[in-house]
Amino acid sequence: MRKVGDIKILFSDVDMRIKKGRKILFSRDSRCLQDLIGLIQLQKHKTLIMWSLDCAKTILEQFEAKYPNEQRPRICLEFCSKWAMGKIKMPVARQVILAVHELAKEIETKDREYSYLCRAIGHAGATVHTKKHALGLPIYELTALVLKYGKENFYEPIVQRIDNYYQRLLYWQKNIDNFDLEWANFLLRD
């Protein structure tokens, strides 16, 4: 269990962003993300793809529980998985990623929390394009969690989710080669 003072220091930049009224509450510079970022930087592209798509499944479940008739996030993850396998080309995947970001814009004014979950899913899918998108998943999902739990009660859920990201990434780092996965040619160079 972390001490309250340690938690306050760990999230001081997030607390500052909240006070300033910022929309996105986490960044590449967020103290609470530095260990995860360090681990992300060590990964192969294929490992980050599997990690992102894996983590996005729980986000998708949450999104679909509230918006059961909205298929764009599910289609995005399905098409990006196909893209990673070389079954579709980038322009097709790009369109479904952009559709998820458009959905995020559509619902932003009435439902910011779920708008950020859409953006997290979009970044998970876009990780197939470049490793840089991998961090978008936690940045947007964690921002959604702050909105869900409130500015006084988000610390523990965020710590738990970051730990989950870290553990899932360690899993994929260790096991990526244990799966007989099909990869697109552009990912075979990794």
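## Helix pairs and the largest pocket

α4 (45-66) and α5 (72-85) each supply at least two residues of the lining of the largest pocket. Helices here are DSSP runs (H or I, at least four residues), numbered from the N terminus. You're looking at a predicted model, in which local features need pLDDT of at least 70, side-chain atom pairs count only at pLDDT 80 or more, and totals for chains, interfaces and linings use all residues. Residues are numbered from 1 along each chain as its sequence is written, and side-chain values use heavy atoms, with hydrogens and water left out.

Let's stay with the pocket. Its volume is about 290 Å³. A pocket is an open set of points on a 1 Å grid over the protein atoms alone, where a 1.4 Å probe fits, with protein on both sides within 12 Å along at least five of seven lines; lining residues have an atom within 4 Å of a point. The volume is the space filled by probe spheres set on the points, which are joined across faces, edges and corners. Of the 15 lining residues, Met-50, Leu-53, Lys-57, Leu-77 and Ser-81 are the closest to the centre. α5 gives the most to the lining, with 6 residues. By class, the lining has 9 nonpolar, 1 polar and 5 charged residues. Ala, Val, Leu, Ile, Met, Phe, Trp, Tyr, Cys and Pro count as nonpolar, Asp, Glu, Lys and Arg as charged, and the others, Gly among them, as polar.

Now for the helix pairs. Axes are lines fitted to C-alpha atoms over the stretch in contact, and angles run from 0 to 180 degrees between N-to-C directions.

| Pair | Axes | Angle |
|---|---|---|
| α5 and α6 (90-107) | within 9 Å | roughly 155° |
| α7 (112-126) and α8 | 7 Å apart | about 165° |
| α8 (136-149) and α9 (155-175) | within 10 Å | roughly 155° |

α8 and α9 are therefore roughly antiparallel to each other (angle over 145 degrees). Their crossing is right-handed, meaning the near helix is turned clockwise from the far one by less than a right angle, while anticlockwise is left-handed. The contact (heavy atoms within 4.5 Å) includes Leu-142 and Leu-145 of α8 and Ile-158 and Ile-162 of α9. Its residues divide into 10 nonpolar, no polar and 2 charged.

α7 and α8 also come out roughly antiparallel, but the crossing of this pair is left-handed. Among the residues making the contact are Arg-112, Tyr-116 and His-123 of α7, plus Tyr-140 and Lys-148 of α8. By class, this contact has 8 nonpolar, 3 polar and 5 charged residues.

The crossing of α5 and α6 is left-handed. Phe-79 and Trp-83 of α5 take part in the contact, as do Val-96 and Leu-103 of α6, among others. The contact residues here split into 14 nonpolar, no polar and 2 charged.

How values were computed. Parallel < 35°, antiparallel > 145°, perpendicular 65-115°, else oblique.
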